[in-house]
Structures are given as C-alpha cells and as structure tokens.
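Subject: Structure for you to look at

Hello,

Here is the structure I said I would pass on. My notes on it follow below.

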Amino acid sequence: MARQQQSVLVIDDDATHLYLTRTLLEDDGIQVHTHQGAFGATQRLKELEPDLVLLDVNMPGLSGEALARILQRAQQRRPARGAEPRPVPIVLYSSNDEDTLRQSVIDLGLSGYVCKGDLPGLRHRVRTFLGASAP
Amino acid sequence: MTVRQVADRFFQEPELEAVALLEGDRARGLVTRPKLLLKLLRNFGYELFARRPVLRVANPEPLRVEATAPLAEVVERALSRPRAVVYDEVVVEEDGRFRGLISVRDLALQQSEALAASLAQREVATARAAELEREGAMRTRFLAHVTHELRSPVNAIIGLAEIARRASAKGQAEAVEERLALLVSSAAALRGIVGNVLDLSKMDAGKMELVPERFDLSALAAELGATARVLAGQKPVEVDVELPPEPLVIRSDPQKVRQIVLNLAGNAVKFTDRGRVVLALSRSGDGAVLAVRDSGIGIRPDDLARLFVPFRQCEDARVRRHEGTGLGLAIARSMAELLGGQLTAESVHGRGSVFTLTIPPIPERSA
C-alpha cells in the first residue's frame, strides 16, 4: 500500500528543542516541519495541514488567545479530497511537569502530551497518533 | 444597716449608683439610688423606711452573673429584663461569692469597644489572609517557572546527547561536533539558571554573605565593558566605558558587584539591537555610582514597576515577552541592597534605559 509520508509540525520558541526534535523524528522516517515561536504559527498550520502538531506551551508571546487560535485552526482543517473532516491532533510538548501537562490537556481538550526529554515517549506517542490518524 | 445610713451614703457620694447588700460574702440584694430616693421622697416614705433595715428597700432578686460569663451573654441577659430594671446594676459573682457591681451602661460600652476591635481585627485578618493567598499563589507560580526553567535545558541536554550518540554511531563527525557544541551551551545555560535559583534562595534565607575587600572598581568596570562587547557579538552596538580620572578604589564585595553589573550590561546588550551601551563609573562621596545606559527598546512604565519582581515576565503564565529566566534583576537588586547600596531603573520606552547602582564603601568591622 503506497502511503504518503506523514508530517508533524513542531511549534516551539527554543531553536535547540526544534533542532533535536526534528532530528529525532526524521530518524524515524517522519516528515518534520518546525515553526519557531507563536507568531505566524496559525498561518503555518493552515499552509502545511500536518497530521500532528507538537505544541510547546511556554513561549514568549503565546497568549491564551494565540493558543486558542492555533487550536481553532487545527479544528477547522479542510478535509482532503472529500474525506471525512477530522481535526488535527494537538499534543502538548513541554518541559512542564507531568501534572501541569495533564491538567492542560484536560482544560484545553487536547489529544495528549509528551514531556520533553522523554525520548522513547516522544517516539511512541508520535507514532501512535500518526497511526491513529492514518487514512 | 438602716435605710437612713444607706441614703446618707448616696447623698455623700453623687457618683454612687447602687449598693450591693451582702451577708457574709454573698449578695442578698441590690439597692439602687433612684429607687431608694424615690421611696424616701414619697409622702411618708421617710417616716416609713428611714429607720428600717435596708433589706426593706432592696431588690432581693438582682441580676446575678458569673465573673467568667462572656460579655455578649451578660449584655443580652441584662437588656432582656423588664424595662424598669434594665438600668440596674448587675451583680457579679464567682462561685456564689460577691465580686462587684457593673452598670449595664458600662457593659454596653465594653461590648461596643470589643465589637469595634473585632471589626478592625477582622479587617486586618482579612487583609492578611488575602496577602498570604497572593504570596502563596506567587510562590506556586514561581515554583512552576523554576521547574520549567530548570527542566528545559536538562531536556535539551538529554535530547542532544541522544542525537549526538546516533550521529557518532553513524560516523557523522560533523553532526557529532555540532550537537556536542549545542549540548555544551545548553549545559552552560543550565548552570546559569541553577546558579540564579540557588542565589535567590540563599538570599531569601538570609544566607548570602559578603566578602568585602579593597579593589579597583575602575578596572572591574573596564573589564565588564570588554565582556559586554563580546556579548554584543555582531550587533552594531558600541560599548563604551566612562571612568573617573583617578582609579576608583573601594571596599566592597567585588564578586557581587561583578555579578550585578554583568547582569545589567548583559541586559543592556540583549535589548539593544543597534546603538550604544555605556558603563559610566563616577565617585559619589566616599562611594561610587555605576550607571549602565543603553539606547535599546526601553521598558514600558507598567513593566518598570515590576522590573525587580522575580519572574515578572511570567505574571501571566502563558505570556513571556522575552527570553530569560526573569531572575537576574531580582537577584541584582537584592545583592545591591546587601552591599548597602541601591539599584534603580529609569527608562523611556523605545528610547533606552538607565540602570544605576550605588556602591557605598563597606566599613572595616570594628570591635
């Protein structure tokens, strides 16, 4: 079965984290787009229509509203070629402690979280989400 | 005792309102001024009562209260009596023994004072509770940010180490080199943050100590100017150092002064994209003033007020305007105060900022 390469958009203000996340995921054969900072993230999301978003929550300039816009944009993704409309899963990707992340996931109604630094967790969850959203 | 004798006492002591009638140490009754005089003034009253025992004109059932009874309860009981006797004095007893009299008016006064005090107390208590809550919330936020600031470089180090290892396994020497360089810089950032957090908690606990010595502040300022030039890197920012004609030697803690000024100079360079940063040292009495001026983005008046609050950048948990931990200036100010000096900031938003550090000499410890 010919399968289109799946893509992940990583939104983070920290260039080091973007760089290493890209490297880690590309090693797994995943197409990775990165966007540094919150500004313009919405536009990027619209252009790329990725299969998964990894979103950092502690960025300069990322207000609650900016975050909400990103989320909204993800929810409104146009279905490709008449397929069922399906929101892009958004996974929080942060250095916050797990309790805080779990709470944020519940509060914001997101798909899940990955703790930065948990490399097996990153790999596993990204694969799970991409698998779950595969056509 | 006869009625006559008691009446004479009332005549002689205009302040006296009531007399308790005792038998042994027990109260038998209460004789009040208005009742006694009223009885004696009536027709035949004097004839009738003057020579009789005083018990005849006493109220044998006065209100008796225990000395330990709460004020509010006593006032309630005193005021719920029939109107005619409300203003009688109240007999205070302890285990049935007479202890004294108290007027209802005094009771009411005491109660109103107590109420006023408790209202004021309640206000104080409410304010204190609010303050504690604010402090608690701030500490929680502070802890969350410290946690995040510490974890972020640690996580970067873990990730970088892993991708460096992979590159090494594949024999990609260049990638290994690049990733190790990033790893070192993340580790250095972590070291800085750990240092800041430790400094802050040390100061919070009053454990930060001064190590005063005489040193050449002019030389230190020149050296920090050179460091700031390095920090400015490729940016078109000119870093100048203005020194007094004679070297300024002062007794203070050079390490603390260095840390404060390094923070100020670092900020000045960070927030100035083009223009000038000046470290200006001058004498002031027997002390010194070191001003760090920049032509950078400046500080909004709102932010100026919160500048020295730890993690002020993170007041709103989701919005951080700038990079950095937001601890540097809080530490710098505390350190300046520890040195006996002051650290103040002035700024015109969009035009630049001036941070002024005053450094008084630390006197030799004398016995």
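**What was found**

In chain B, strand E3(B) runs parallel to strand E4 (residues 90-94) of chain B, and three bridges join the two. Please keep in mind that this is a predicted model.

**Two helix pairs in chain B**

The crossing of H4(B) past H5(B) is left-handed. On the H4(B) side the contact involves Leu71(B), Ala72(B), Val74(B), Val75(B) and Ala78(B); these meet Val104(B), Leu107(B), Ala108(B), Gln110(B), Gln111(B) and Ala114(B) of H5(B). What classes of residue make up the contact of H4(B) with H5(B)? Nine are nonpolar, two are polar and no charged residue takes part.

Next come helix H6 (residues 173-204) of chain B and helix H10 (residues 328-338) of chain B, with axes that come within 10 Å and cross at roughly 40°. This angle makes H6(B) oblique to H10(B). The crossing of H6(B) past H10(B) is left-handed. H6(B) contributes Asn196(B), Asp199(B), Leu200(B) and Met203(B) to the contact, and H10(B) contributes Gly328(B), Ala330(B), Ile331(B) and Ser334(B). The contact of H6(B) with H10(B) has four nonpolar, three polar and one charged residues.

**The surroundings of H10(B)**

H10(B) is mostly covered, with nine of its 11 residues buried. Among the buried residues of H10(B) are Leu329(B), Arg333(B) and Met335(B). Which elements do the buried residues of H10(B) pack against? They pack against H6, helix H8 (254-270), E11 and E12 of chain B. Just after H10(B), Gly340(B) has a positive phi of about 90°.

Strand E11 (residues 342-348) of chain B and strand E12 (residues 352-359) of chain B are antiparallel and pair over seven bridges. Leu343(B) has Leu357(B) in E12(B) as its bridge partner. The hairpin of E11(B) and E12(B) has three residues between the strands, and in this hairpin Gly350(B) takes a positive phi near 90°.

**Chain A**

Chain A has an open sheet of five strands, in the order E2-E1-E3-E4-E5, with parallel pairing. Its edges are strand E2 (31-36) and strand E5 (112-115) of chain A, each with a single partner strand, so one side of each is left without a neighbour in the sheet. Ignoring direction, neighbouring strands of this sheet are turned by 25° against each other on average.

Within this sheet, strand E1 (residues 7-12) of chain A and strand E3 (residues 52-55) of chain A run parallel and are joined by four bridges. Val10(A) stands opposite Leu54(A), a residue of E3(A). Helix H1 (residues 15-26) of chain A lies across E1, E2 and E3 of chain A, at about 175° to E2(A). Helix H4 (residues 98-108) of chain A also packs on the sheet, where it touches strand E4 (90-94) and E5 of chain A, and its direction makes about 160° with that of E5(A).

Regards

Definitions and conventions
Residues are numbered from 1 along each chain as its sequence is written. Chains are lettered from A and ligands numbered from 1 in the order in which they are written. This is a predicted model: local features need pLDDT of at least 70, side-chain atom pairs count only at pLDDT 80 or more; totals for chains, interfaces and linings use all residues. Two strands pair if DSSP finds at least two bridges between them. A crossing is left-handed if the near helix is turned anticlockwise from the far one by less than a right angle, and right-handed if clockwise. Two residues are in contact if their C-beta atoms, placed from the backbone, lie within 7 Å. Ala, Val, Leu, Ile, Met, Phe, Trp, Tyr, Cys and Pro count as nonpolar, Asp, Glu, Lys and Arg as charged, and the others, Gly among them, as polar. Axes are lines fitted to C-alpha atoms, for helices over the stretch in contact, and angles run from 0 to 180 degrees between N-to-C directions. Angles under 35 degrees count as roughly parallel, over 145 as roughly antiparallel, 65 to 115 as roughly perpendicular and the rest as oblique. A residue is buried if 20 or more other C-beta atoms lie within 10 Å of its own, exposed if 12 or fewer, and partly exposed in between; C-beta atoms are placed from the backbone.
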